[in-house]
Amino acid sequence: KRAAVGELCIFKVIHLFLISAFCSFEEIFFIWSQKMSREQQAVARARKAFETGRSKSVEYRINQLKNLQRLFSERQKEIAAAIKKDLNKTEVGAQFYETLGLEGEISLFIKNLKEWAAPRHVKKNLLTMSDTVYIHPEPLGVVLVIGAWNYPWAVTIRPLIGAIAAGNAAVVKPSEVCVHTSKVMEDLLPIYIDKELYPVVTGGVPETQELLRQKFDHIFYTGNSTVGKVIMEAAAKHLTPVTLELGGKSPCYIDKNCDISIACRRVTWGKYSNCGQTCIAPDYILCEPSIQNRVIEEVKKCIKEFYTDNPKTCPDYGRIINQRHFKRVMAMLEDSNIAVGGENDESDCYIAPTVLRDVKPEAKVMQEEIFGPLLPILPVSSLDEAIKLINKGEKPLALYVFSPDNKVIERMRDETSSGGFLANDCLVHYSVSALPFGGVGNSGIGCYHGKFSFDRLSHLRGCLVKKLKMEGVNDMRYPPHTLKKLGWARFFILNTVDVGWVGRMALLAALVMVAAVVIQVMTSQMRHLPLSLTLS
Ligand SMILES: NC(=O)c1ccc[n+]([C@@H]2O[C@H](COP(=O)([O-])OP(=O)(O)OC[C@H]3O[C@@H](n4cnc5c(N)ncnc54)[C@H](O)[C@@H]3O)[C@@H](O)[C@H]2O)c1
Ligand SMILES: CCCCCCCCCC=O
């Protein structure tokens, strides 16, 4: 037996010798990769491409972003056709809700990337006044982007834009739930952007889990909070940092003194867009009982205005993504009173825009994020009760308040917490790239959009470059530590410098003078010490 093992080992060594002697690196990689899963291969390819260093060049990144921009201008028809099949969105709807925002984001990055990627000089203290102190943004490495199905382009490509801009490689995993879109993404992305640096891996839970076994430098996940925990657990094994863009029940308080007709128009749009399958959709309404009927009537009017008398045949009204979600949403109706809508058709995954009245906090519809076209109204006696009720639940992704009164708006903002906060509108904060977008607590970890994406997917390296001169200034920090030195240290460390170029020069001159005085004082003190002490 031992002889057989020995023979096998010798054979292996000869095999390895022959491979390394006669094969190129590419061939060795190929032979080795045959034994790897498709997901492992994608990660290995991305890492190898990252290690070439080409994504470090800002020009290269900008070029990739321009290619991505071209994808959206040239392939709109294919993108829209797939989204139509997946979620019944119209071509205009797909552009409005998905690709328009991406085009804006790419333009913003192309315009600002050089500035964002450049070293950022920071405030210094007097101690480091003559040093160069700056933040050097650098790529993290290989990022895993896991997308969700509800806005499949928006939530998968937006993190990718950040990853590309920050100089990373990225493995893109679109949601398998959007069957058609995930295929289009797999086909189109490699035509436009570097397919080694940014490979697309399609598949479902087993494929995602296989990806999660690999080592990444960041995992950017969009989806529900339960799977968010699975992602974080897998990431912890490699100490990989995560961004989790999750969901939750986003409350909407309508103050009795506001223009109820306008408030309901905006809420109706926010709720029923994409058939309620929006991470920041207003999940439920809180209002005083005296305005509940008015709210119901106004929402009903808007449903008719936006989606006609028969939303089922209206091209702007979407569908529930699949039968599993259809059943999940329908089950929430069981113990509630329907005030508007309720019609449904399982074979078409259709649920009409629905309003529920006098809903209790214990009702089924209040136990989890609805993610469908049901709008429960919970009567509350006051703003205080609304705030209490909101604070009883998990921290939501968005919080909406409709009121003409700034005091009401400010109380709602100051006495609650949520990922984002909007007064007198719904959803639109998502379109402002200068605002961080993300959750807090159960609704997520980390934020992105615009420069926040760039910073999130960069390592912000703190750098200090000192000259080997002016050693005298450093005496205050070297032992023996004395109270006098501590006094100087307090002065130099606790005082920050925030001046322009001219001021910097003046301060430098002042610092040199102070240093000269310090050195003089110290040397004169040393002169007065007994000879034996100075020698020791
Ligand atoms: N914060 C945001 O920006 C944002 C955006 C969109 C959606 N969402 C939230 O996402 C949720 C809806 O998406 P979803 O979760 O149904 O999407 P989903 O079913 O598409 O899942 C998301 C991703 O997770 C992977 N996945 C699913 N189960 C897994 C498992 N057990 N192990 C490993 N990977 C797994 C899938 O392959 C998919 O790529 C809602 O809660 C919504 O609020 C949040
Ligand atoms: C102009 C408003 C656009 C809103 C798009 C909302 C996308 C949300 C992604 C999460 O589900």
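Helices here are DSSP runs of H or I with at least four residues, numbered from the N terminus. The model is predicted.

**Ligand shell**

Helix H9 makes the greatest contribution to the shell around ligand 1, giving three residues. The elements that supply two or more residues to this shell are H9, which spans 205-213, and H10. Around ligand 1 there are 28 residues, and those that come nearest are Ser 175, Gly 223, Glu 245, Gly 247 and Cys 279. The make-up of the shell by class is tabulated below.

| Class | Residues in the shell around ligand 1 |
|---|---|
| Nonpolar | twelve residues |
| Polar | twelve residues |

An open sheet of mixed pairing is built from five strands, ordered E5-E4-E6-E7-E18. Its edges are strand E5 (169-173) and strand E18 (444-445), each of which pairs on one side only. E18 is joined to strand E7 (residues 242-245) by two bridges in the antiparallel sense. Within this part of the sheet, Leu 244 lies opposite Ile 445 of E18. Helix H10, residues 225-237, packs on the sheet and touches both E7 and strand E6 (218-222). The direction of H10 makes about 175° with that of E7. H10 is also one of the elements giving two or more residues to the shell around ligand 1.

**Annotated span**

An unreviewed UniProt entry carries the annotation "domain: Aldehyde dehydrogenase" for residues 40-458. In the model, this span is 44% helix and 18% strand. The C-alpha atoms at the ends of residues 40-458 are 24 Å apart.

Terms used: Residues are numbered from 1 along each chain as its sequence is written. Chains are lettered from A and ligands numbered from 1 in the order in which they are written. This is a predicted model: local features need pLDDT of at least 70, side-chain atom pairs count only at pLDDT 80 or more; totals for chains, interfaces and linings use all residues. Two strands pair if DSSP finds at least two bridges between them. Two residues are in contact if their C-beta atoms, placed from the backbone, lie within 7 Å. Axes are lines fitted to C-alpha atoms, for helices over the stretch in contact, and angles run from 0 to 180 degrees between N-to-C directions. UniProt positions are given in the numbering used here, feature names are shortened, and annotations may be inferred rather than shown by experiment. A residue is near a molecule or strand if its C-beta atom, placed from the backbone, lies within 6 Å of it. Ala, Val, Leu, Ile, Met, Phe, Trp, Tyr, Cys and Pro count as nonpolar, Asp, Glu, Lys and Arg as charged, and the others, Gly among them, as polar.
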